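Please look over the sequence and the model below before reading on. The report then takes up a few topics in turn.

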Amino acid sequence: MSDILESIRSIVGAAGLISSAEETAQYATDWRKRYRGSAMAVVKPASTAEVAAVVRACHESRTGVVPQGGNTGLCGAATPDSSGSQIVLNLSRMNRVRAIDAHNNTMTAEAGCVLGNLQKEAEKAGRLFPLSLASEGSCEIGGNLSTNAGGTGVLRYGNTRELVLGLEVVLPSGEIWDGLRGLRKDNTGYDLKQLFVGAEGTLGVVTAAVLKLFPLPRSRATAVAALQGPDRALDLLKGTLDACGERLTGFELFSDFCLSLVLKHFPDASAPFAKRFPHYVLMELSDTRPGDAVASLAESVLGAALENGEILDAAIAQSNAQAKAFWKLRELISDAQAHEGPNVKHDVSIPISGIPDFIRATDAELARAHPGVRMVTFGHVGDGNVHYNVSAPEGIAPDVFVRQTAAINLIVHDSVARFRGSISAEHGLGQSKRDEIRRYKSPLELELMRKIKSALDPHGIMNPGKVL
Ligand SMILES: Cc1cc2nc3c(=O)[nH]c(=O)nc-3n(C[C@H](O)[C@H](O)[C@H](O)COP(=O)(O)OP(=O)(O)OC[C@H]3O[C@@H](n4cnc5c(N)ncnc54)[C@H](O)[C@@H]3O)c2cc1C
């Protein structure tokens, strides 16, 4: 065993070290199995002090450290390179909720807590932790913070960045920064915690966080509205926000082609209306008061939208089961698209008002350059996040289509840039967009990022080869 592994073993013990190639392989492969690396070892510390000692040892020996949570990331950011010289620092054993303060509306949790468990712990205390993603059964809060995860609640509660009040971080030197403050007001200079949020493990290891909690919603209304297109969806969004304010907690747009793929590949799913329409919006209202006030609100908003021609039809879920079935239609789109064959995915964000023009312009350009491609466009339109996915033309050989990936990315991402959007709304840069981002961020912005990186991590040991 090498010197560095010997010293790591003396810190974490046998229970915290996995070094056989067979066992490390799953930690060195990403969720979608697009990236396969090779780890010198997987290290699973059980406390902040252990993380600090491991990172210090890596700092001294200049060993690369790849932090990892639930390994559900979608851009290869938690996968080591293929050299076998980096360690994966997996935080899953640090999974304690240290405190819940119902009066301060905060929860202090360790980085390895699974998101779904944190939601349950908050609920037991009569509180809501609103971060919600389809991967919540596996992803961990340290990973959510480090990717600034989004999900379905962003419209009302914000990204993970907006849900954190304090952090505890092990710096690349091995020093521990205790920034576990539960303050909503703190104007004492630079907001250091935000540097680590969305940093994808390149600036330090998040070991714990103070998270914001909210009152639990006690009533909900879920509805699907049928409409002509994204322009009408924006009218509906504005009208609903005017009428419902922060009771609007979800607003998702999907095209009829998305619905048709779900119905084709998941025969148990059923269409929300007897007739088909060009587009649909799934919206959810929630309130902290029990009763049917939000259902009445949904009825009046949708009734008014029907009357003024903004929408073509509407269905309000009459039961929890029907609400879940509506959400299922939206959630199954990605899987349905995978069943349909090869595709090129884009997780982009656009200022909300620009979404209809972005979709029109990009659809037209792609159709010209790649005739027959099928656009599977959906997303959290309430917060400007569009999943602009492109399925292969029917009948094309998969390898022929896959060779067009870079050209398709270029068209979509250049279009995003023209609309002053972002080429990564939720998933981060990791390895997959590390090189591409150079085309879209200004040299000055990249230089500022490099300066921050080298100030905190002069030897470049934290998650080498990711983001920058
Ligand atoms: C089915 C599915 C649905 C998804 N839906 C969404 C969605 O709606 N919205 C969304 O934003 N994402 C979504 N994702 C992506 C993914 O779940 C999120 O990015 C999530 O936040 C990653 O958490 P994780 O614990 O799995 O992190 P990992 O994948 O383990 O790591 C992600 C990044 O964070 C770093 N990291 C992890 N832990 C730490 C730590 N303690 N300190 C420092 N750095 C750390 C890693 O080095 C890596 O750079 C989805 C993924 C799947 C598979």
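## Basis

This is a predicted model, in which local features need pLDDT of at least 70, side-chain atom pairs count only at pLDDT 80 or more, and totals for chains, interfaces and linings use all residues. Residues are numbered from 1 along each chain as its sequence is written, and side-chain values use heavy atoms, with hydrogens and water left out.

## Ligand

Around the ligand there are 34 residues, of which P67, G69, T72, G73 and S135 come nearest; a residue counts here if one of its heavy atoms lies within 4 Å of the ligand.

An oxygen atom of the ligand lies 2.6 Å from a backbone N or O atom of P67. For G69, a backbone N or O atom is 2.7 Å from a ligand oxygen atom. T72 uses its side chain: an N or O atom there is 2.7 Å from an oxygen atom of the ligand. The ligand taken alone exposes 970 Å², and the protein buries 92% of that (areas by the Shrake-Rupley method with a 1.4 Å probe).

## Cysteines

The whole structure has zero disulfides, a disulfide being a pair of cysteine sulfur atoms within 2.5 Å. The sulfur of C113 is 12 Å from the closest cysteine sulfur, in C139, and therefore too far for a bond.

C113 is buried, at a relative accessible area of 3% (buried means under 20%, with a 1.4 Å probe and protein chains only). C139 is also buried, with a relative accessible area of 3%.

## Cavity

The structure holds one cavity of 30 Å³ or more. A cavity is a set of points, on a 1 Å grid over the protein atoms alone, where a 1.4 Å probe fits but cannot get out; lining residues have an atom within 4 Å of a point. Its volume is the space filled by probe spheres set on the points.

About 30 Å³ of space lies in the largest cavity. Its lining includes P130, L131, S132, Y157 and L163. The lining residues divide into five nonpolar, four polar and no charged, with Gly counted as polar, Pro and Tyr as nonpolar, and Asp, Glu, Lys and Arg as charged.

Technical notes
On a 1 Å grid over the protein atoms alone, a cavity is a set of points where a 1.4 Å probe fits but cannot get out, and a pocket is an open set with protein on both sides within 12 Å along at least five of seven lines; lining residues have an atom within 4 Å of a point. Buried means under 20% relative accessible area, exposed over 50%, partly exposed in between (1.4 Å probe, protein chains only). A polar contact is a pair of N or O atoms within 3.5 Å; within protein, one must be able to donate a hydrogen and the other to accept it, and residues adjacent in sequence count only if both atoms are side-chain atoms.
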